[in-house]
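Please keep the sequence and the three-dimensional view at hand while reading.

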Amino acid sequence: MSPGAALARIRLNPHSRAVQRDLRNATDMHRTLMRLVPDGLGGSPRQAAGLLYRLDVTDTFSTLLVQATALDPTRLPDDYGHADVKDLTPVLNALKKGLAVRYRTVVNPVKTERLSLENKGRRGKRIALTGPDADQWWARRAHQAGLHLTTALPTPVAAVHSSGDSTAVRHHLVRYDGTAIVTDPDALAEAVLTGIGRAKSYGAGLLSLARSAA
């Protein structure tokens with residue numbers, strides 16, 4: 001049996017000042033969503049809580065999907081939006097080898113720059129991947145996560161911006177929708193629970209699955 005997880009689907013109130021603030025700055029969004037998980041989770045609370053989120057935007061409204069081992073949506077700002085919460089455990093326990101699924105994920109496809117031997121011990125800067133390079137990055141990550149992709153439709157997503165005390169960072173995002181076959185249920189459950197790639201504090205990494213009708 002897979003570890004439990006909860007998923008909140010929050011239909012955002014576009015008139016909320018807190019929502020407007022969070023949509024401008026991913027650091028503020030992360031801070032708001034961390035209110036939904038239990039306190040006292042140590043030095044890496046996002047990781048300990050398994051907190052992941054994704055913003056799904058349509059022409060008419062925006063929905064925030066928030067996943068963690070435990071969620072309390074009553075701790076959101078009063079006018080933030082309407083939240084429905086469901087248990088993901090049945091979805092995870094239903095994963096079987098050979099199962100056809102539909103998926104959606106927003107990811108931060110990057111690679112680390114290779115440095116010369118003279119810079120041994122130093123870390124190269126992270127370079128955003130686009131086009132076929134990003135598609136190949138997703139195909140590799142999906143394979144590692146126990147999915148054999150049968151279709152993959154990339155959609156560029158507006159970059160998110162986070163800011164600290166003295167720096168501002170831009171996080172490059174791509175959304176992938178498609179179909180796949182489950183090849184490793186345990187690896188896939190782990191990927192759902194822990195997320196895909198980097199920038200998980202800023203709206204990347206959440207993998208959504210549904211049984212495919214095909």
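The side chain of glutamine 67 reaches the backbone oxygen of valine 192 at 2.7 Å, a polar contact (a pair of N or O atoms within 3.5 Å; within protein, one must be able to donate a hydrogen and the other to accept it, and residues adjacent in sequence count only if both atoms are side-chain atoms). The model is predicted: local features need pLDDT of at least 70 and side-chain atom pairs count only at pLDDT 80 or more, while totals for chains, interfaces and linings use all residues. Residues are numbered from 1 along each chain as its sequence is written, and side-chain values use heavy atoms, with hydrogens and water left out.

- Glutamine 67 belongs to strand S3 (residues 62-68); strands (E, at least two residues) and helices (H or I, at least four) are DSSP runs, numbered from the N terminus.
- With a relative accessible area of 2%, glutamine 67 is buried, where buried means under 20%, exposed over 50% and partly exposed in between (1.4 Å probe, protein chains only).
- Serine 16 sits in the loop between strand S1 (6-12) and H1, and is buried at 0% relative accessibility.
- The serine 16 side chain reaches the backbone nitrogen of alanine 18 at 3.2 Å, and a polar atom of that side chain lies 3.2 Å from the backbone nitrogen of valine 19.

**Helix H5**

- Helix H5 covers residues 131-144, 14 residues in total, and reaches 20 Å from its first C-alpha to its last. This is close to the expected 20 Å, which is 1.5 Å times one less than the number of residues.
- Ala134, Trp137, Trp138 and Ala142 are buried in H5. Seen down the axis, the buried residues of H5 fall within an arc of 130°, so they line one face of the helix; the arc is that of the directions from the helix axis to the C-beta atoms.
- Pro132, His143 and Gln144 are exposed residues on the face of H5 turned away from its buried side.
- Glycine 146, which follows H5, has a positive phi, near 85°.

**Supply of the pocket lining**

- Helix H1 (17-24), helix H2 (26-34), strand S2 (52-57), strand S9 (153-163) and strand S10 (168-182) each supply at least two residues of the lining of the largest pocket.
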